[in-house]
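Please keep the sequence and structure at hand while reading.

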Amino acid sequence: MARKIKKPKPPPLSVPDRIVYIILIGGGFAMMLGSIVLYLHLLDRIAGADADARLWKNTTEMWIMPLMLALYMPALIGAIWHPMPIFGNKRVKYGLYPYHDYAPIFSRTRPLKTARPEIWAKKHRQTIALLLVMLIGIILCLPGLCPRYTLQADGSIREYNVRNQCVETHWPADMTELQITAWHGMHTRGPEFYSLRIDITADDGESYRFGFNRDYDAAALQAMLDFRRTMERLHVPVVIQADDWDTHLSVKELLPLIARDQRMSAEETALLYELFDGA
């Protein structure tokens, strides 16, 4: 049986080369994760620019995916070139066995483009393609920044399109039902959580949901409470309920868990109980 010839190991990278690859590959992952924070922050800044908006729900958050993909490209670019030396290692004799397939990308004496033009051309084309994907991904995420619906100070609900234009307004008199829900759920691939939400149904059958999370404060709870009072003045049915898929706890049992999980202050906890009729 013929003995299998082992492929020679790549040449050791110099310290500067390692740093560059760490920045490209590690930075790509960091940028991908950081894009989530940046994108959600921009969404909230755009919605928060409306001084009369008290609550808002972004309706196209999945447009963050092209941005995440785009900012992951540096990691893929690093993977394409790795383990090719970038500036080279003075202790390595490139071009001689077992390093005959390697040459520094940037070198005054033996650049990869001259030493191995076929390898350089292939990796260069792949890099250009990924840079184009990165640019396209950044552009594609932009239409997802503005679409949302908001709960205004006057009790109306506004819908906005990709150009940040209000395309539809539902007034309090157009509402047919308000549901206030104490909520026990599970994050996708994550831990369980306790929160609350309100669901508003308009007379055309459309439903609008506003949730509560740790980024909100007493103003969000006050907005929900004020909207409930508006609905009651207009004699719109208000339904208070629990949504607990697992332990089937009552509203009364869920409220202290919500206050704890959402890290509510004493003021916020008092508004929470008032919103749920002191349950």
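The protein exposes about 16,300 Å², and carbon and sulfur atoms supply 60% of that area. The model is a predicted one. Buried residues account for 41% of the 279 residues in the protein.

**Overall dimensions and contacts**

- The protein has a radius of gyration of 28 Å, whereas a compact globule of 279 residues would have one near 19 Å.
- The C-alpha trace spans about 85 × 40 × 40 Å along the principal axes of the protein.
- The secondary structure consists of 7 helices and 8 strands.
- Of the contacts in the protein with a separation of 6 or more, 62% are between residues 24 or more positions apart.

- Helix 6 covers residues 251–261, and its buried residues are Val251, Leu254, Leu255, Leu257, Ile258, Ala259 and Asp261.
- An α-helix has 3.6 residues a turn, so residues three or four places apart point the same way.
- The buried residues of helix 6 pack against strand 5 (175–186), strand 6 (192–202), strand 8 (238–244) and helix 7 (266–275).

**Thr127 in helix 4**

- Thr127 sits in helix 4, which runs over residues 117–141.
- Thr127 counts as buried because its relative accessible area is 12%, and the cut-off for buried is under 20%.
- The Thr127 side chain reaches the backbone oxygen of Lys123 at 2.8 Å.
- Leaving aside residues up to four places away in sequence, Thr127 touches Ile77, Ile80 and Trp81.

**Asn58 in strand 1**

- Asn58 belongs to strand 1, residues 53–58.
- With a relative accessible area of 7%, Asn58 is therefore classed as buried.
- When residues up to four places away in sequence are not counted, Asn58 touches Leu43, Asp44, Pro147 and Arg148.

**Cis peptide bonds**

- Most residues other than glycine have a negative phi, and most peptide bonds are trans.
- The peptide bond from His82 to Pro83 is cis, with omega near 5°.
- Pro83 is placed in the loop between helix 2 (64–81) and helix 3 (112–115).
- The peptide bond from Tyr97 to Pro98 is also cis, with omega near 5°.
- Pro98 likewise lies in the loop between helix 2 and helix 3.

- His248 is not a glycine, yet has a positive phi of about 55°.
- The loop between strand 8 and helix 6 holds His248.
- His248 is classed as exposed because its relative accessible area is 61%, and the cut-off for exposed is over 50%.
- Arg263, a residue other than glycine, has a positive phi near 55°.

Key:
Residues numbered from 1 in each chain as written. Predicted model: local features only at pLDDT ≥ 70, side-chain atom pairs only at ≥ 80, totals over all residues. Heavy atoms only, no water. Helix = DSSP H or I, 4+ residues; strand = E, 2+ residues; numbered from the N terminus. Rg over C-alpha atoms; globule rule 2.2 N^0.38 Å. Buried < 20%, exposed > 50% of the residue type's maximum accessible area, 1.4 Å probe, protein only. Contact = heavy atoms within 4.5 Å. Areas by Shrake-Rupley, 256 points an atom, 1.4 Å probe, with all protein chains shown as cover. Polar contact = N/O pair within 3.5 Å; in protein donor to acceptor, adjacent residues only side chain to side chain.
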